[in-house]
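Visitor: Hi, could you walk me through this one?
Guide: Happy to, let's have a look together.

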Amino acid sequence: MPRRLRAPELPLDVRRRDGVERSPALVVEAVLDALPSPTLLLDADGRVLLANSAWGVAADLLDDERIAVALGDDYFAMARGLSGDARTEALLEELRELSRGERATVSFDYALANRGGTRWFHLQASRVDQAGQIVVTHTDVTSRVRAEQASSWQARHDHLTQLPNRSHLHDLIDAELCRLDARPVTVLFLDVDGFKDVNDSLGHEVGDDLLRQLAGRLSSRTRAEDTVGRLGGDEFVVLCRDCGPAGAEVLAARCQSTFDEPFLLAGRSIRLSASIGIATVDAPDVTGLRSTDLVRDADLAMYAAKRAGRNRVRLFTPDLRSAVQQKALLPAELYEAIDAGQLVLHYQPIVYLPTGEVTGVEALVRWQHPVRGLVPPCQFIPLAEQNGVIAPLTRWVLAEAARQTAAWDAQGVHLITGVNISAAHFTTGTLVSDVAEALAVAGLAADRLVVELTETSVAQDPDGAAAQLAALRVSGVEVFIDDFGSGFSSLSQLVRMPAGVLKIDRSLVNGSDSPRSQSAAAMAAVVGLAQACGMRSLAEGVETAEQLATAVELGCSYAQGYHLARPMPAEDLIRWLAARRAPQHGPARAELVTAGS
Ligand code: C2E
Ligand code: CA
Ligand code: CA
């Protein structure tokens with residue numbers, strides 16, 4: 001391989017300052033040799049006049065005969081031999097223009113693939129003289145390109161799992177949706193059930209380990225043409241190309257099967273499951289759907305799968321989207337509903353068992369929606385709690401319940417009314433003043449209103465809650481503990497609460513049809529616990545005569561439930577009470593009169 005090529009005649013006129021003439025050829029050769037990059041001197045026809053030493057070193061290093069040049073070799077032919085594409089032709093044309101003096105410089109980046117791998121070069125050419133000779137340097141920029149590639153790869157991938165990240169996934173999905181030969185596209189959204197528990201109980205490092213293992217399993221279970229990516233947290237997305245709903249369900253089943261085997265985490269074998277949502281678009285060009293739409297739809301389907309009890313697959317349907325839109329509108333609508341008088345209270349009677357007398361009622365809110373009809377509280381109270389609407393809503397309930405109780409008073413019907421208070425209301429710190437205001441406005445005595453709250457509502461801020469409850473107690477308002485026995489009960493918390501009545505959750509009462517049943521035994525324990533804490537007890541959700549008999553037998557003070565009466569509008573209550581007091585309905589206790597509405 002020729003190393004050093006000497007041009008026979010170089011027209012350059014190079015003289016030393018001392019006046020001693022040197023051969024111009026030698027001077028040019030020395031200058032080019034001083035350049036660190038492989039450099040060639042070409043004549044106007046692209047023939048090689050000179051190659052510097054760096055060229056020789058590079059040719060040796062790359063061990064590639066295609067770049068070995070000899071004097072007079074055609075540089076253009078060599079370039080075409082390396083890559084005959086349109087870019088090369090454009091470059092050669094630019095070099096010719098440079099030689100003719102039609103442009104000042106030429107710059108060009110290219111990759112050279114040979115058996116040693118791929119290296120990247122930056123080509124820079126300039127014209128030397130009127131004769132059209134040009135100098136072409138080829139700087140090896142491989143390390144810079146590799147660094148750029150690495151950082152661009154990192155920007156597109158998740159550092160934990162090495163999978164495509166959120167923005168790259170959206171780019172890939174959008175590219176698929178924009179294809180001219182519109183093919184069905186499916187997005188699968190997977191969320192690990194109970195991932196937070198793993199993180200909380202075993203630590204974040206173990207959580208990370210789980211995500212890495214899962215990423216590996218998902219990648220190995222999907223087809224080569226699918227892309228698995230991680231959106232963040234424990235949310236993974238699979239982009240299934242050319243795949244409709246049927247294929248997607250097969251894929252979903254395969255993804256779910258990645259959970260068949262337990263995960264080995266922190267030396268323990270842990271079984272987990274996942275909820276999967278699928279959104280498919282058959283003709284992307286027609287629907288004009290974007291990646292963000294499709295991923296959101298799959299996310300909605302995943303949430304529906306979670307709500308349905310986890311560890312299942314759900315296909316997206318448009319009603320899921322309208323449900324979300326409804327939810328988003330709800331807080332604003334609820335505010336308006338309060339002002340527009342669309343909320344109503346129904347009252348469920350509470351019977352004092354030793355005498356069979358109705359001593360009180362529980363106020364239960366409903367929403368008389370202009371379109372949806374009478375909406376039960378379970379459909380809006382949880383949302384009101386999340387959106388800060390609960391405090392104004394509860395203020396309305398307190399005011400209305402106090403007003404109604406005072407109105408009944410005026411009719412000679414003396415009842416104690418219970419109002420439900422949410423945990424979120426404690427954090428506002430206004431409970432005591434809200435209750436006081438409702439009583440003052442209605443002109444009602446404090447002992448005619450009780451507040452019902454669950455243990456969990458107190459658990460969030462036990463000290464703050466205890467202070468507010470104590471203040472209520474001092475003012476004469478009694479506290480009922482609601483739904484007792486439905487969750488985890490903490491004895492230490494119970495004894496600290498200044499409560500007068502323990503309401504036994506209907507899940508315990510409902511199964512107590514015989515005094516020897518397990519439910520009855522649990523009920524008996526709760527009644528005993530209430531007595532030990534100096535509280536009375538109330539059996540909630542009494543649906544049968546047997547359950548009522550059990551409540552009486554176990555010594556419950558009060559009972560409430562459909563067997564006695566359903567919640568009813570205020571105006572029905574007076575009639576119901578009158579019917580109940582009629583002479584034929586005399587006896588108390590287990591033969592208590594039943595009613596329904
Ligand atoms: P809760 O406080 O446990 O109220 C009792 C619920 O059980 C009521 O449902 C009542 O209709 C129902 N119930 C009563 N007897 C029986 C029975 O024998 N069998 C069965 N299966 N159910 C019975 P409702 O009115 O739908 O209220 C549900 C929940 O909504 C209430 O549970 C309470 O947590 C909440 N809620 C209702 N009104 C309000 C309110 O004004 N403020 C707040 N924060 N929550 C409220
Ligand atoms: Ca209640
Ligand atoms: Ca309850």
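Visitor: Which residues come nearest to ligand 1?
Guide: Arg366, Ser422, Arg506, Glu543 and Tyr562 come nearest, out of 20 residues around ligand 1. A residue is near if one of its heavy atoms lies within 4 Å. Please keep in mind that this is a predicted model, where local features need pLDDT of at least 70, side-chain atom pairs count only at pLDDT 80 or more, and totals for chains, interfaces and linings use all residues. Residues are numbered from 1 along each chain as its sequence is written, chains are lettered from A and ligands numbered from 1 in the order in which they are written, and side-chain values use heavy atoms, with hydrogens and water left out.

Visitor: Which strand gives the largest share of that shell around ligand 1?
Guide: That is S14, with four residues. Strand S14 (357-369) and strand S18 (478-484) each supply at least two. Strands here are DSSP runs of E, at least two residues, numbered from the N terminus.

Visitor: What polar atom of tyrosine 562 is 2.8 Å from an oxygen atom of ligand 1?
Guide: A backbone one. With arginine 366, a side-chain N or O atom is 2.8 Å from a ligand 1 oxygen, and asparagine 420 has a polar side-chain atom 3.0 Å from a ligand 1 oxygen.

Visitor: How much of ligand 1 does the protein bury?
Guide: The protein buries 83% of the 790 Å² that ligand 1 exposes when taken alone. Those areas come from the Shrake-Rupley method with a 1.4 Å probe.

Visitor: Switching to metals, which residues are the protein donors of the calcium ion (ligand 2)?
Guide: They are Glu362 (OE), Asn420 (OD1), Glu452 (OE) and Asp482 (OD), 2.2 to 2.3 Å from the ion. Donors are N, O and S atoms within 2.8 Å of the metal (3.2 Å for Na, K and Ca), and sites may look incomplete because water is not among the atoms. Along the chain, the spacing is E-x57-N-x31-E-x29-D. Asparagine 420 is in strand S16 (residues 416-420) and glutamate 452 in strand S17 (residues 449-454), a pair 32 residues apart that links distant parts of the chain.

Visitor: Is glutamate 452 buried or exposed?
Guide: Glutamate 452 is buried, at a relative accessible area of 1%. Asparagine 420 is partly exposed, at 27%. Buried means under 20%, exposed over 50%, and partly exposed in between (1.4 Å probe, protein chains only).

Visitor: And which aspartate coordinates both calcium ions, ligand 2 and ligand 3?
Guide: Aspartate 482 does, and the two ions are 3.8 Å apart.

Terms used:
A polar contact is a pair of N or O atoms within 3.5 Å; within protein, one must be able to donate a hydrogen and the other to accept it, and residues adjacent in sequence count only if both atoms are side-chain atoms.
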